Amino acid sequence: MTRHRLSRSPIVPSRVRSINGQSFAFIQHRFLRDGFFCHLTPDELRLYVFLVLVADRQGMSFYHYDRICAVLEVGVDDYLDARNGLIEKDLVAFDGSRFQVLSLPERPQFRPQRPLRTQQDLEDHDPATVRAAILASLADADERHEP
């Protein structure tokens with residue numbers, strides 16, 4: 001069996017990224033490799049990437065929550081959950097008006113999933129149960145609207 005060597009040269013050499021005097025956001029490869037990426041909710045990930053993109057060289061961002069919500073197309077509650085999640089996971093600091101994207105901690109910080117013990121826990125937090133409830137609700141709505 002022969003192994004083909006992958007070329008490291010750019011596919012489109014005329015489109016190689018460069019800074020050209022502008023700011024240049026980056027996310028360390030360790031963010032993916034060490035498991036930070038997979039421990040974020042979709043809204044946390046979107047907010048984190050946004051903050052990385054808008055931060056200055058010290059990781060500081062001065063965007064107000066209403067502008068962030070508009071750009072990310074999320075409601076205030078989802079924004080607050082994402083912001084608080086990133087703070088708990090030690091990825092950003094927030095002082096009430098400014099964000100700082102922090103250097104990555106040694107390892108991802110995450111809350112262990114609590115056990116689902118009651119019917120209410122299942123209805124509120126189990127993705128399969130939530131999906132089933134939504135599908136049942138949609139089916140009920142369709143039945144009510146059939147001639």
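Trainee: Leaving aside its neighbours within four places in sequence, what is F31 in contact with?

Mentor: F31 is in contact with F36, F37, L40, L45, Y48, L91 and L104, once neighbours within four places in sequence are left aside. Contact here means heavy atoms within 4.5 Å.

Trainee: What sort of model is this, and how are the residues numbered?

Mentor: It's a predicted model, numbered from 1 along each chain as its sequence is written, where local features need pLDDT of at least 70, side-chain atom pairs count only at pLDDT 80 or more, and totals for chains, interfaces and linings use all residues. Side-chain values use heavy atoms, with hydrogens and water left out.

Trainee: OK, back to F31. Which residues have the most contacts inside the largest nonpolar core?

Mentor: F31, L47, Y48 and L91 have the most contacts inside that core, which has 22 residues. A nonpolar core is a set of buried Ala, Val, Leu, Ile, Met, Phe, Trp, Tyr and Cys residues joined through side-chain atoms within 4.5 Å. Buried means under 20% relative accessible area, exposed means over 50%, and partly exposed is in between, using a 1.4 Å probe and protein chains only.

Trainee: And which element supplies the largest share of the core?

Mentor: That's α2, with 6 residues. At least two residues each come from α2, α3, α4 and β3 (99-101). As a general point, nonpolar side chains tend to be buried together in soluble globular proteins.

Trainee: Zooming out, how many helices and strands does the chain have?

Mentor: The chain has 6 helices and 3 strands, and from the N terminus on, they run α-α-β-α-α-β-β-α-α.

Trainee: How much of the chain is buried?

Mentor: Of the 147 residues, 24% count as buried. Among contacts with a separation of 6 or more, 49% are between residues 24 or more positions apart.

Trainee: Let's do α2 and α4. At what angle do their axes cross?

Mentor: Roughly 75°, and the axes come within 8 Å; α2 covers residues 42-54 and α4 covers residues 76-88. The axes are lines fitted to C-alpha atoms, for helices over the stretch in contact, with angles from 0 to 180 degrees between N-to-C directions.

Trainee: So what do we call that arrangement of α2 and α4?

Mentor: Roughly perpendicular. The cut-offs are under 35 degrees for roughly parallel, over 145 for roughly antiparallel, 65 to 115 for roughly perpendicular, and oblique for the rest.

Trainee: Which residues meet there?

Mentor: On the α2 side you've got D43, E44, L47 and Y48, and on the α4 side D78, Y79, D81, A82, R83, G85 and L86. Those residues divide into 5 nonpolar, 1 polar and 5 charged. Ala, Val, Leu, Ile, Met, Phe, Trp, Tyr, Cys and Pro count as nonpolar, Asp, Glu, Lys and Arg as charged, and the others, Gly among them, as polar.

Trainee: New topic: what's up with phi at E73?

Mentor: Phi of E73 is near 55°, a positive value in a residue other than glycine. Most residues other than glycine have a negative phi. E73 sits in the loop between α3 (65-72) and α4, and is exposed, with a relative accessible area of 70%.

Trainee: What about phi of D90?

Mentor: Phi of D90 is near 65°, also positive in a residue other than glycine. D90 is in the loop between α4 and β2 (92-94), and is partly exposed at 37% relative accessible area.

Trainee: Is F62 buried or exposed? And S61?

Mentor: F62 is exposed at 55% relative accessible area, whereas S61 counts as buried at 1%. S61 is in strand β1, and F62 is in the loop between β1 (60-61) and α3. Leaving aside neighbours within four places in sequence, F62 is in contact with D56, S97 and R98, and S61 with L51, V54, A55, R98 and F99.

Trainee: Last one: where does R30 lie, and what does it touch?

Mentor: R30 lies in helix α1 (residues 30-33). R30 touches G35, F36, L104, P105 and E106, not counting residues up to four places away in sequence. A polar atom of the R30 side chain lies 3.0 Å from the backbone oxygen of P105.

Terms used:
Helices (H or I, at least four residues) and strands (E, at least two) are DSSP runs, numbered from the N terminus. A polar contact is a pair of N or O atoms within 3.5 Å; within protein, one must be able to donate a hydrogen and the other to accept it, and residues adjacent in sequence count only if both atoms are side-chain atoms.
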